[in-house]
Amino acid sequence: MNEELFSKIESFQNLLIDFATGGDWDEENYSKTRKELLDNEIISNEIPDFIKTTRTAEQFWHFIKQVSSNYAGRRMFLWDSFSKLLDIAEKNKSTPGENSISEKLKSINEIYIKQEWDKALKRKTIDPEGAITTSRTLIETVCKHILEDKKIEYSDSLDLPKLYKLTAKQLNLAPDQHTEKIFKQILNGCQSVVEGLGGIRNKLSDSHGKGIAKTKPSERHAELAVNLAGAMTLFLFESSKK
């Protein structure tokens, strides 16, 4: 369960129920929480129309009065309206690894890296194909950021494995730059992860047209791609600062 999102949705639902049943208005809280929910990619497509159109608490009050003349009817309407959003939040779970990566990525000043990571997390449950595409974009983004930071020129036509190899070489992370067996194994593994992300992306993501018998990715495919991409992004970025 995405506990933070679930709590935010439930709090907004309770706020509206309070408004609808004679409670005091809290215009600031209404506007702030409404905007946060509308901006959340996980649920934005499922937000009830009345939340989109009632931009103030006063507008909501005029709307809900027309829905039902009694408190019980208004409560039932709001419970029904929020049930799908709460279901989505319940199904949108995060793993300990994702939480750890998210916490560390907060310290990164490069906004595009954080944006791609957040986008990948939001998509993995509701849009596995999109999450896989974004996972590859995340690795591409951090590689380009590192190369540009080090004033290293690269071609925009480079595919992900070649872009990664160029970046790894600049960070002394290429397997052939080490003689110790354990380091070579680890760095070969990192290279395989990046190549694998490119492979799973080409096979399962939404970046290419599909035939009738296309393979449809599941949430577990997306979760694997997102976690691998997040771990590699953090490893590359922290290595670039050594």
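## A tour of the aromatic pairs and beyond

The structure holds nine aromatic pairs, where rings of Phe, Tyr and Trp (its six-membered ring) pair if their centres lie within 6.5 Å. This is a predicted model, in which local features need pLDDT of at least 70 and side-chain atom pairs count only at pLDDT 80 or more, while totals for chains, interfaces and linings use all residues. Residues are numbered from 1 along each chain as its sequence is written, and side-chain values use heavy atoms, with hydrogens and water left out.

**Stop one: two aromatic pairs.** Select Tyr-30 and Phe-60, a tilted pair with 6.4 Å centre to centre and 35° between the planes. Planes under 30 degrees apart count as stacked, over 60 as edge-to-face and the rest as tilted. Tyr-30 sits in helix α2 and Phe-60 in helix α4 (residues 57–67), so the pair links distant parts of the chain, 30 residues apart. Both Tyr-30 and Phe-60 are buried; buried means under 20% relative accessible area, exposed over 50%, and partly exposed in between (1.4 Å probe, protein chains only).

Now move to Phe-50 and Phe-63, which are stacked at 5.1 Å centre to centre with 5° between the planes. Phe-50 belongs to helix α3 (residues 49–53) and Phe-63 to helix α4, so this pair ties together parts 13 residues apart in sequence. Phe-50 is buried at 7% relative accessibility, whereas Phe-63 is partly exposed at 28%.

**Stop two: a charged patch.** Next, pick Asp-26, Glu-27, Glu-28 and Glu-58, which gather in a patch of negative charge on the surface. Glu-28 is part of helix α2 (residues 27–38) and is exposed at 66% relative accessibility.

**Stop three: two loops.** Colour by phi and look at Lys-151, which has a positive phi of about 60° although it is not a glycine. Lys-151 lies in the loop between α8 (128–149) and α9 (160–170) and is exposed at 70%. Asn-172 also has a positive phi of about 60° without being a glycine; find it in the loop between α9 and α10 (181–204), partly exposed at 40%.

**Last view: the whole chain.** Zoom out to eleven helices and zero strands, where helices (H or I, at least four residues) and strands (E, at least two) are DSSP runs numbered from the N terminus. Buried residues make up 43% of the 242 residues in the chain.

Conventions. Patches are made of residues with over 30% relative accessible area and no salt bridge: like charges are joined within 9 Å, nonpolar side chains (Val, Leu, Ile, Met, Phe, Trp, Tyr) within 5 Å. Accessible areas come from the Shrake-Rupley method with a 1.4 Å probe; for residues, only the protein chains shown count as cover. A salt bridge is a side-chain nitrogen of Lys or Arg within 4 Å of a carboxyl oxygen of Asp or Glu. Lys and Arg count as positive and Asp and Glu as negative; His and the chain ends are not counted. The place of a charge is taken as NZ of Lys, CZ of Arg, CG of Asp or CD of Glu.
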